Amino acid sequence: MPELPEVETIRRGLEEKMLGRVGKVLDVKVYEQKSLIGEPEIILGAEIEGFDRKGKALIVHFSNGFSAIIHLRMTGQLIWREKYSCGDIKSEQEIVEKTFAGGHPSENFVAKLPNKQTRVEIVFENGVLFFNDQRKFGFIKILERDEVKKDKFIKKLAKEPWEMTPEELFSKLQKHKGAPIKTVILDQTVIAGLGNIYADEALYFSGINPKRKAGELTEEETGILLLGARKVMEKSIEAGGSTIRNYVKSDGTRGDYLDLFAEVYNREGKECRKCKTKIVKEKLGGRGTHYCPKCQKEN
Ligand SMILES: [Zn+2]
């Protein structure tokens with residue numbers, strides 16, 4: 001599931017490839033009705049004015065006062081193909097110059113599109129933006145720009161780690177004193193943007209055991225946790241997230257971007273890079289939780 005850093009990576013990638021370069025919207029093809037909320041005709045003739053992000057929602061602003069909120073959810077993908085490159089991708093050069101793909105990594109990044117997983121296609125003068133979504137939990141919602149902040153998913157979001165002070169987080173933790181810290185930082189009304197991967201990584205960075213009660217953390221530990229949340233997400237954004245550049249390696253193999261930055265996530269049974277203890281995976285609040293039992297002591 002794409003998390004905040006992946007969505008931010010997509011935002012940056014689309015901004016680089018599309019902003020000021022794609023012309024007007026010529027057509028919106030909807031292959032799956034529930035994947036597009038609102039009236040697709042509203043954006044016809046409009047150009048893109050900017051790409052924004054709130055939590056895990058990507059927002060595209062159009063020149064006519066309307067916007068599209070895009071939720072990728074479990075398996076959503078956004079794939080930009082410049083004109084004449086909608087068929088199979090032929091070369092590394094073509095990928096770098098003419099395309100961008102991000103979201104749930106799969107062969108769709110390089111396959112001929114549209115295909116049976118394509119839910120919406122936004123056709124511009126200079127290319128096509130495909131919204132693919134295997135499991136159909138994601139969607140695009142077209143609405144007036146002023147309505148974006150009132151959207152039910154957007155308005156309930158807490159601050160992101162970059163906007164929040166340690167004091168604010170500490171006071172929020174006191175409202176969930178008895179719950180494990182890992183579970184609390186996954187709650188998007190407490191702090192926005194931390195999904196399962198980055199919650200585990202931020203706790204490892206901070207040396208905090210995921211099972212400790214939120215109310216037991218000191219103010220100092222809370223500050224380090226907040227710093228950890230920023231650091232691990234920044235590292236992932238720099239690594240390029242789950243985008244086409246990481247997915248398609250120069251030797252033709254398919255890559256996993258997690259290898260680029262993860263210290264504990266998906267590393268159970270492997271050695272902690274600080275102390276050589278084996279990383280443990282346990283279920284906590286229904287979520288797979290990875291930590292180092294030595295670096296992240298329970299007491
Ligand atoms: Zn360790």
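This is a predicted model: local features need pLDDT of at least 70, side-chain atom pairs count only at pLDDT 80 or more; totals for chains, interfaces and linings use all residues.
In which handedness of crossing does α6 pass α7? The crossing of α6 past α7 is right-handed.

## Domains

The chain splits into domain 1, residues 4–155, and domain 2, residues 166–291. Taken over C-alpha atoms, the centres of domain 1 and domain 2 are 28 Å apart. Their contact draws 18 residues from domain 1 and 14 residues from domain 2. On the side of domain 1 that touches domain 2, at least two residues each come from α1 (4–18), α2 (92–98) and β7 (99–103). The largest share of that side is supplied by α1, with seven residues. Sorted by class, the side of domain 1 that touches domain 2 holds nine nonpolar, six polar and three charged residues.

Two packed helices are described by the angle between their axes and the distance between the axes.

| Pair | Axis distance | Crossing angle |
|---|---|---|
| α4 and α7 | within 9 Å | roughly 115 degrees |
| α6 and α7 | within 8 Å | roughly 125 degrees |
| α1 and α7 | 9 Å | about 40 degrees |

Helix α4 covers residues 166–173 and helix α7 covers residues 219–239. With a crossing angle of roughly 115 degrees, α4 and α7 are therefore roughly perpendicular to each other. Their crossing is right-handed. On the α4 side the contact residues are P166, L169, F170 and L173, which meet E219, T222, G223 and L226 of α7. By class, the residues of this contact of α4 with α7 are five nonpolar, two polar and one charged.

Helix α6 spans residues 196–206. At roughly 125 degrees, α6 and α7 are therefore oblique to each other. The α6 residues in the contact are Y198, E201, A202, F205 and S206, and those of α7 are E221, I224, L225, G228, A229, K231, V232 and M233. Eight nonpolar, two polar and three charged residues make up the contact of α6 with α7.

The pair α1 and α7 packs at about 40 degrees, and these two helices are therefore also oblique to each other. Here too, α1 passes α7 in a right-handed crossing. The contact involves L4, P5, E8 and T9 of α1, together with M233, S236 and I237 of α7. These residues divide into four nonpolar, two polar and one charged. M233 of α7 takes part in the contact with α6 and in the contact with α1.

## Burial of α6

Helix α6 is mostly covered, with 10 of its 11 residues buried. The buried residues are I197, Y198, A199, D200, E201, A202, L203, Y204, F205 and S206. Among the elements that cover them are α5 (181–186), α7 and β12 (287–291). Just after α6, G207 has a positive phi of about 70 degrees.

## Backbone features in loops

Most residues other than glycine have a negative phi, and most peptide bonds are trans. Some exceptions are listed below.

The peptide bond that joins L113 and P114 is cis, with omega about 0 degrees. P114 sits in the loop between β7 and β8 (118–124).

R73, a residue other than glycine, has a positive phi near 50 degrees. R73 belongs to the loop between β5 (66–71) and β6 (76–82). R73 counts as partly exposed because it has 17 C-beta neighbours inside 10 Å, where a buried residue would need 20 or more.

K136, also a residue other than glycine, has a positive phi near 65 degrees. The loop that holds K136 runs between β9 (127–133) and β10 (139–144). K136 has 15 C-beta neighbours inside 10 Å and so counts as partly exposed.

## D151

Where is D151 found? D151 lies in the loop between β10 and α3 (152–155). With 18 other C-beta atoms within 10 Å, D151 is partly exposed. D151 and R267 are 116 residues apart along the chain, and their C-alpha atoms are separated by 37 Å.

Note on methods
Residues are numbered from 1 along each chain as its sequence is written. Axes are lines fitted to C-alpha atoms, for helices over the stretch in contact, and angles run from 0 to 180 degrees between N-to-C directions. Helices (H or I, at least four residues) and strands (E, at least two) are DSSP runs, numbered from the N terminus. Angles under 35 degrees count as roughly parallel, over 145 as roughly antiparallel, 65 to 115 as roughly perpendicular and the rest as oblique. A crossing is left-handed if the near helix is turned anticlockwise from the far one by less than a right angle, and right-handed if clockwise. Two residues are in contact if their C-beta atoms, placed from the backbone, lie within 7 Å. Ala, Val, Leu, Ile, Met, Phe, Trp, Tyr, Cys and Pro count as nonpolar, Asp, Glu, Lys and Arg as charged, and the others, Gly among them, as polar. Domain bounds come from an automatic or database domain assignment. A residue is buried if 20 or more other C-beta atoms lie within 10 Å of its own, exposed if 12 or fewer, and partly exposed in between; C-beta atoms are placed from the backbone.
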